[in-house]
Amino acid sequence: SQQGEEDPQALSIQEGENATMNCSYKTSINNLQWYRQNSGRGLVHLILIRSNEREKHSGRLRVTLDTSKKSSSLLITASRAADTASYFCATDEDSGTYKYIFGTGTRLKVLA
Amino acid sequence: ETGVTQTPRHLVMGMTNKKSLKCEQHLGHNAMYWYKQSAKKPLELMFVYNFKEQTENNSVPSRFSPECPNSSHLFLHLHTLQPEDSALYLCASSTMGQPQHFGDGTRLSIL
């Protein structure tokens, strides 16, 4: 299975609600990144969390990392219709290389 | 605007055609990547180049041939493709340990 696997695969919420998506991985990492992809576009980097960090914030985004469980979560607070997109986690599989492994993503739909 | 430009945005080709995808970045990054994105599948890493040298070939069929003439440009040469090669092909660039910057991709359709 993939290094990064997101859960759930799809999520539908009302505007103003919080959205939480999870990512699990299998090997040791240096950092974990979250990306967003709008339909028909490339991926856009949201936040990077290093293996020695447990939590990181950026605006309405909050990312946690639990290296003992090999998992991460992305929380989007006070969601907006513009947050509708697919969200991916990516991990650096090998130390000292440029290789990143992405999961299948979570498709988030925020209803106005 | 991510700083990574891919052309063309859409490409329709027959199985016997030869075409090339182009990617360009002027972000000063030394690594460039090709990914394949198919529906309901994880993003598949195809190739990685670091300072023009190929450092990763993820068991990609030889009908895909990458070329990296310098750190700013990356090409993917296509020939004799199969219908299952229809997908969104994404290019990205980065420096070590830093986030990747993606282009908007080329939507490839094989007839």
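Guide: One begins with the elements: helices (H or I, at least four residues) and strands (E, at least two) are DSSP runs, numbered from the N terminus. The model is predicted, so local features need pLDDT of at least 70 and side-chain atom pairs count only at pLDDT 80 or more, while totals for chains, interfaces and linings use all residues. Residues are numbered from 1 along each chain as its sequence is written, chains are lettered from A and ligands numbered from 1 in the order in which they are written, and side-chain values use heavy atoms, with hydrogens and water left out.

Visitor: Where in chain B does B:Thr80 lie?

Guide: B:Thr80 sits in the loop between E8 and E9 of chain B. Its phi is near 55 degrees, a positive value in a residue other than glycine. For accessibility, buried means under 20% relative accessible area, exposed over 50%, and partly exposed in between (1.4 Å probe, protein chains only). With a relative accessible area of 44%, B:Thr80 is partly exposed.

Visitor: What is phi of B:Phe51, and is that residue buried or exposed?

Guide: Phi of B:Phe51 is near 50 degrees, again positive in a residue other than glycine. B:Phe51 belongs to the loop between E5 and strand E6 (53-57) of chain B, and its relative accessibility of 53% is why it counts as exposed.

Visitor: Which residues are joined by cis peptide bonds?

Guide: In chain A, such a bond joins A:Asp7 and A:Pro8, with omega about 0 degrees; A:Pro8 is in the loop between strand E1 (5-7) and strand E2 (10-14). In chain B, a cis peptide bond joins B:Thr7 and B:Pro8, with omega about -10 degrees. B:Pro8 lies in the loop between strand E1 (4-7) and E2 of chain B.

Visitor: How many helices and strands does chain B have?

Guide: Chain B has zero helices and eleven strands, and along the sequence its pattern reads β-β-β-β-β-β-β-β-β-β-β. Its radius of gyration is 13 Å, close to the 13 Å of the globule rule for 111 residues, so chain B is as compact as a globular protein of that length. Here the radius is taken over C-alpha atoms, and the rule is 2.2 Å times the number of residues to the power 0.38. The C-alpha trace spans about 35 × 25 × 25 Å along its principal axes, and 50% of the 111 residues count as buried.

Visitor: Which residues touch the most other members of the largest nonpolar core?

Guide: In soluble globular proteins, nonpolar side chains tend to be buried together. A nonpolar core is a set of buried Ala, Val, Leu, Ile, Met, Phe, Trp, Tyr and Cys residues joined through side-chain atoms within 4.5 Å. The largest has 22 residues, and B:Trp34, B:Phe64, B:Leu76 and B:Leu78 touch the most other members. Among the elements giving it two or more residues are strand E4 (31-37) and strand E8 (73-79) of chain B. A second, separate core of 21 residues includes A:Ala19, A:Cys23, A:Leu74 and A:Cys89.

Visitor: Which residues lie nearest the centre of the largest pocket?

Guide: Rolling a probe the size of a water molecule over the atoms shows where empty space is left. On a 1 Å grid over the protein atoms alone, where a 1.4 Å probe fits, a pocket is an open set with protein on both sides within 12 Å along at least five of seven lines; lining residues have an atom within 4 Å of a point. Of the 20 lining residues, A:Gln37, A:Ser86, A:Phe88, A:Arg107 and B:Gln37 lie nearest the centre. Three residues, the largest share of the lining, come from E9(A).
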